[in-house]
Every structure is written in C-alpha cells, then in structure tokens.
Amino acid sequence: MNNFTFYSPTCFVFGRDTENQAGSLVRRFGGTKVLIHYGGGSAVRSGLIGRVEASLAAEGIPYLTLGGVQPNPRSGLVYEGIDLCRREGVDFLLAVGGGSVIDSAKAIAAGTVYDGDFWDFYSGKRIEKALPVGTVLTIAAAGSEGSPDSVITREDGMFKRGASGDAIRPRFSILNPALTQTLPPAQTAAGITDIMAHLYERYLTNTKEVEVTDRLIEALLLTMIHEGPRVIADPDNYEARANIMWAGMMAHNNSCGVGRSQDWNSHNIEHELSALYDCAHGAGLAVTMPAVFTYVMDHDVMRFAQAAVRVWGCQMDFAHPEVTAREGIEKFRAFLTSIGMPRNFAELGAKEEDIPALVRALCRGDGRQGSISGFVTLDEEDCAKIYRMMI
Ligand code: NZQ
Ligand code: ZN
C-alpha cells in the first residue's frame, strides 16, 4: 500500500426531509450571504428550491439564485456566477442539484476568490482557496457531494476538463434519497453506471497488497448489482435509493481509493464523448468501459479475473484466467444493458467519422502531450482503436 493523506471534512446529513436543515447548516458553516445554484428546473418543479429558500429565510440568511446549469456544465455560466458573487458580496455557495450543478458551484467558489481566469484550475493548477460550498443532492451519480473535484466544459473547443483541491470539498452535503425519486429511469441508470465506474477506476491499480480497498470496492459494486435493478423496477423504492445514494458518495470521496494508484482512462475517454455529443456522462461510460477493459485486460489478467470471481460470481478457470477475466467484463456489459444503458456509438448518438477529432481533443487538447495514462498509458493509436471498438 502507498503512503497517503486522507482529508474528508464534509458533514453529511442523510435522510428524509433533511433539505429543511439547509439554512441551519449554512449558518453553522459561516455563510452570511448565499448564492443558491441550480439546474434546468427539476428542483424548481419539485418544490425543492422553495423549501431550501424557506429554510434560509427561517435563519434570516439573505440569498440570491442562479439557475440554468446544463448537464456537462459550461464555463459561460461559471463566469456569470463569479461576476454575480463578487458584485453582491456572496460568501457561500449552495448547490441544489446533481454533479453538474455542484461542479459549477465549485468552479464559481474557486473563481470568485482568484485573480486570474478560473480556467487555470482546469488546465492543471490546484485549487488552494475557495468560498465554502454546501450541497443538496438530487441524483446519486457523480459523487461530487463528497469529492474535491469539479468537471467543466469550455465552450470554445468543447474541452471537458477537471480541477481538484480540498478547498472545494463541500462543507456539508444534504442527502435525501426521496429527492431522487423524480429522476427519469435513464438518469437513474446513468447514475448507477457512473458510481460503478468510480469503483472500477480505483480497482484498476498497479499497486500490490491493497486488500482493504479491494474488498471495499467489491462490496460497493455488489451493492450496486443488488440495488440497481431494484430501483429500475421500482423507482419509488426509498431503501434501494438510500443504499445507492450512500454507495455513490463512498465510491468517490476516495475512502476506497487511498494508498493505491488509480486508472481514470475510461473517464478521460468518455469526457470527450459527453463534451461533443452532450450525452449523459454515465451513458458514455457504459459504452466506454467494456471497450477499455477489453483493450487493457492483458496488462493484468488476474485483476480482471479477481473482479470476475468476487463481484460477478464467475468460476475461476485457473488454466485460462483470461477466459474468466473476459467473462467478468461481459457480465458487466450485460448488467449495463439490463438497466437500459446504451451499448455502442449508434445508441449513444456518436459518429465514427468523429473519431480523429475525439482522439485529438483527448490526447492533444489543452496541453496534453499525445497520450493519457492510468492503469496503462494509452497513445493516440490506442485511443483510436478503443473508440473504434465502441462502434
Ligand atoms: O437540470 P435539471 O432540470 O435539474 O435536470 C437534471 C439533468 O438534466 C436531472 N436531474 C437531477 N436531479 C433530478 C433530475 N431530474 C429529476 N429529478 C431529480 N431529482 O438529471 C440530469 C443530469 O444531471 P447532472 O447533474 O448532469 O447529473 P450527474 O450528477 O450525473 O452529473 C454529471 C456531471 O458530473 C461530472 C460529469 O462529467 C458530468 O459533467 N462528474 C463530476 C465528478 C466530480 N465532480 O467529482 C466526477 C464524475 O466522474 C463526473 O465526471
Ligand atoms: Zn464519473
């Protein structure tokens, strides 16, 4: 196991009606003027924004609102939010929504107290300082409610890039599973896929002797395999949604990723798809992961065979571990299809003729030097082959 520091200061408030605590939590974490940031309207229609506003009003905390965050959030609204926060003296960001809203709020929080262009953080500069952020989560997926990360798409060039720093870890996150019951089935399934991707990206490691984190990841994957189909069959199943919501947080706050190298090639390859086609991140991952795993499997067959046996219930073929490894990948692919995820470029709305542009954006865009690295290093030819496997 590698040395590590694990810092996860977020206060999680979990359960029914917990959004009514938003005002008291903002007060506890020092907010005196709040920007409520939200998406395209689902949180307004469900009455959630109204309840959050009432909770702030009950504490006597003034607030402004800025809605309109799109899935795969854009830099344009971030600049607008930064201007607004500076002009109005906002000192606390309250994100009400999914990963896109939370990531946009994190970008505004960092950009407001930074003299340069906030995009510097998305080109490699670490975020050291930001306004405090709180969240009210409405979809179990990205894990941004507990993570030090934010992913934003820059409109000129449609690059999708991430930024990190403990300063943008939410001070608190309110997780009410009942809020996710209004999700369309495709979004629920995309969220399940993203959570499983966050687990696999950590599972694919080159670090030896990481039994505790291996076992945590396997437990969370097994939970998703159990709860995913239950929630797809019965969207009002609160208990299944509760288990998925907490698994989503655990999958990405890095408690099961510490002390080990991680992959993230599937995420990087997918980010170009959701940047170009504006598909759901989870849907892009469903098409990306089986292709990436099949392509890199030979790098460590036993790792894939271990997942096949422990997570997917395959019988170990000791003479031919590659057969077991491949069977595990195929079971994962079948699981994703069973919850309604797309299988290929066509079902995702992606086009074969765009592959050169995708590879260029992935391997050359925004300062990259011709490859991406993780579990294995992939150059432009590898990435082109992987995209072609998705057709
Ligand atoms: O905008 P509204 O109207 O709210 O609709 C949203 C949106 O259309 C809808 N939705 C959310 N909660 C709902 C709801 N509809 C009905 N009822 C509810 N309760 O769902 C749609 C998708 O929302 P979005 O926030 O985009 O979903 P998600 O949480 O999957 O976030 C995806 C973004 O997170 C990034 C992705 O790249 C993508 O941009 N990621 C962020 C990470 C991080 N910060 O740590 C890590 C992830 O790997 C990921 O890359
Ligand atoms: Zn993800």
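Helix α5, strand β6 (149-154), helix α6 (185-203) and helix α9 (265-277) each supply at least two residues of the shell around ligand 1. Helices here are DSSP runs of H or I with at least four residues, strands are runs of E with at least two, and both are numbered from the N terminus. Keep in mind that this is a predicted model, where local features need pLDDT of at least 70, side-chain atom pairs count only at pLDDT 80 or more, and totals for chains, interfaces and linings use all residues. As for bookkeeping, residues are numbered from 1 along each chain as its sequence is written, chains are lettered from A and ligands numbered from 1 in the order in which they are written, and side-chain values use heavy atoms, with hydrogens and water left out.

**Around the ligand**

Which residues come nearest to ligand 1? Of the 31 residues around ligand 1, they are G40, S42, G99, S100 and H198. A residue is near a molecule if one of its heavy atoms lies within 4 Å of it. The shell splits into eight nonpolar, 19 polar and four charged residues. In that count Ala, Val, Leu, Ile, Met, Phe, Trp, Tyr, Cys and Pro are nonpolar, Asp, Glu, Lys and Arg are charged, and the others, Gly among them, are polar.

Where does ligand 1 lie relative to the two domains? Domain 1 (11-179) and domain 2 (185-389) both give residues to the shell, so ligand 1 lies between them. The domain bounds come from an automatic or database domain assignment.

Three side chains have a polar atom close enough to ligand 1 for a polar contact, meaning a pair of N or O atoms within 3.5 Å; within protein, one must be able to donate a hydrogen and the other to accept it, and residues adjacent in sequence count only if both atoms are side-chain atoms.

| Side chain | Ligand 1 atom | Distance |
|---|---|---|
| S100 | oxygen | 2.5 Å |
| D103 | nitrogen | 2.8 Å |
| S147 | oxygen | 2.9 Å |

**A closer look at α5**

Helix α5 covers residues 99-112, and at 1.5 Å a residue its 14 residues should span 20 Å; the end C-alpha atoms are 20 Å apart, which agrees. The expected span is 1.5 Å times one less than the number of residues. Of those 14 residues, 13 are buried. Buried means under 20% relative accessible area, exposed over 50%, and partly exposed in between (1.4 Å probe, protein chains only).

**Some other residues**

H37 sits in strand β2 (residues 34-38). It counts as buried because its relative accessibility is 0%. Its side chain makes a polar contact of 2.8 Å with the side chain of S104.

M245 belongs to helix α8 (residues 238-252), and at 0% relative accessibility M245 counts as buried too. M245 and F14 are 231 residues apart in sequence, yet their C-alpha atoms are 9.4 Å apart in space.

V258 is in the loop between α8 and α9. With a relative accessible area of 11%, V258 is buried.

Finally, here are two loop residues. D17, in the loop between β1 (11-14) and α1 (22-28), has a positive phi of about 65° although it is not a glycine. N72, in the loop between β3 (63-66) and α4 (75-88), has a positive phi of about 60° and is not a glycine either. N72 counts as buried, at 5% relative accessibility.
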